[in-house]
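The entries follow the order in which I looked things up.

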Amino acid sequence: MTKSNGWINVIYNSYSEISLDLGTYNNDDWINKQKNRVKNFDKERDITIKRNKLLIDTVNSIEKRKISILDYGGGFGLSYLPLIESTDKNIEYHIIEVPKVSNAASEFYSNNQSISFSHCFQEACKKEYDIGYIRTSLQYANDWKLVLKSISSFMPEKIVLSDASIGNIKTFLTFQSWGSQKIPYWFINEDELIKTITSLGYLLEKNSISRDIRYDDSWKTQRKYPKEYRIDSIKNLIFSRV
């Protein structure tokens, strides 16, 4: 199975500096990997519940019985599945994904009315959502600030970022290696990210370490960047609308 081989030691400031021949998850290999994980969800139920604990706890803390979630980059619903296993709330879940993934996932879940997909924010099912959620996917956005602005336009009470690659670093663009592909990937200055979201009418409610990556082999290529570009952990953040 194709998997990530870490990060390539190059540093850019914007997409305008890199080649137009870019890698992407908008392909059949990624779709088949996602389908396989959903079909074998029972084998990774416990670990996916743990990985999505931030979303699960946020949903369960809200008093409403019916909760709508807008998930940017949620693939084939690998945050949706552990959520519905871990709550008695009535969940409406919408995922924004790249076109091929969105189309394939829509077909895959065609008999499930509680989850839906689109390839852009303009085609989201609702005008407002209770929670805006991003787990690891903000780093792949061409314009990550625009993604956050778009999510805020749906007026969620909470914006939840899980496993964000942020820190006391200079914001920079690099490549993540996935099989033979090089996929653009942002590492973001933490203060810049927080200021971006608070400027949209939100207050930072929680900022915690999700995982210390300093001695994690899967992150060892990130440790090869110059010191001012290295992160020590991935972070969880929750913002509440003012």
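Predicted model: local features only at pLDDT ≥ 70, side-chain atom pairs only at ≥ 80, totals over all residues.

Residues are numbered from 1 along each chain as its sequence is written, and side-chain values use heavy atoms, with hydrogens and water left out.

**Cores.** I looked up the nonpolar cores, each a set of buried Ala, Val, Leu, Ile, Met, Phe, Trp, Tyr and Cys residues joined through side-chain atoms within 4.5 Å; buried means under 20% relative accessible area (1.4 Å probe, protein chains only). The largest has 32 residues, and Leu55, Val59, Ile69, Leu83, Tyr93 and Ile131 have the most contacts inside it. Its largest share, four residues, comes from helix 3; helices are DSSP runs of H or I, at least four residues, numbered from the N terminus.

**Val59.** Beyond its neighbours within four places in sequence, I find Val59 in contact with Ile67, Ile69, Leu83, Thr87, Lys89, Ile91 and Ile131 (contact: heavy atoms within 4.5 Å). A second, separate core of 30 residues includes Ile18, Ala124, Tyr129 and Ile151.

**Helix pair.** The axes (lines fitted to C-alpha atoms over the stretch in contact, angles from 0 to 180 degrees between N-to-C directions) of helix 6 (144-152) and helix 7 (190-198) come within 10 Å and cross at roughly 30°. Helix 6 and helix 7 are therefore roughly parallel, a class for angles under 35 degrees. Trp144, Lys145 and Leu148 of helix 6 meet Glu192, Leu193, Thr196 and Ile197 of helix 7.

Notes
Buried < 20%, exposed > 50% of the residue type's maximum accessible area, 1.4 Å probe, protein only. Helix = DSSP H or I, 4+ residues; strand = E, 2+ residues; numbered from the N terminus. Parallel < 35°, antiparallel > 145°, perpendicular 65-115°, else oblique.
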